[in-house]
Amino acid sequence: WAFCLTVVVVIPVLGCFTSILANITALPGLMTVPPVINLGMAVWGMVLWNTMGERCMMALETKYWDLALLFKINVILLSISFFVF
């Protein structure tokens, strides 16, 4: 749940904050912060997904299917968004 909370809430707020700060201060280097954080989140999600055991994933999908689906979608979209944009 910590991964999904971080990706769904914290990352967009941080991205919005850094964009506003970069536009106010005219520091274009701040615009590179959100993509780097997205890469970190994508790597963290891939590591979690790969190290999660089969029994653990099955239990998670059985008990919290919506959270497991959100986790998988987030990992895939973060991976795609970093390498495409």
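The legends below describe close-up views of a predicted model.

**View 1. Confidence across the predicted protein.** Mean pLDDT (the predictor's confidence in each residue, from 0 to 100) is 78 for the protein, and 88% of its residues reach 70 or more. Among the elements, helix α1 (residues 2-25) has the lowest mean, 73, whereas α3 has the highest, 87. Helices are DSSP runs of H or I with at least four residues, numbered from the N terminus. Where pLDDT is low, the predicted coordinates should not be read in detail.

**View 2. Helix α2 and its buried face.** Helix α2 spans residues 33-51, 19 residues in total, and extends 27 Å from its first C-alpha to its last, close to the expected 27 Å at 1.5 Å a residue; the expected span is 1.5 Å times one less than the number of residues. Asn 38, Met 41, Ala 42 and Gly 45 of α2 are buried (under 20% relative accessible area; exposed means over 50%, partly exposed in between; 1.4 Å probe, protein chains only). Seen down the axis of α2, these buried residues fall within an arc of 105°, so they line one face of the helix; the arc is that of the directions from the helix axis to the C-beta atoms. On the other side of α2, Val 36, Asn 50 and Thr 51 are exposed.

**View 3. The salt bridge between Lys 72 and Glu 61.** The side chains of Lys 72 and Glu 61 form a salt bridge at 2.3 Å, N to O (a side-chain nitrogen of Lys or Arg within 4 Å of a carboxyl oxygen of Asp or Glu). Lys 72 belongs to helix α4 (residues 65-84) and Glu 61 to helix α3 (residues 54-63), so the pair ties together parts 11 residues apart in sequence. Glu 61 is partly exposed, with a relative accessible area of 33%.

**Notes.** Residues are numbered from 1 along each chain as its sequence is written, and side-chain values use heavy atoms, with hydrogens and water left out. In this predicted model, local features need pLDDT of at least 70 and side-chain atom pairs count only at pLDDT 80 or more, while totals for chains, interfaces and linings use all residues.

Terms used. Helix = DSSP H or I, 4+ residues; strand = E, 2+ residues; numbered from the N terminus.
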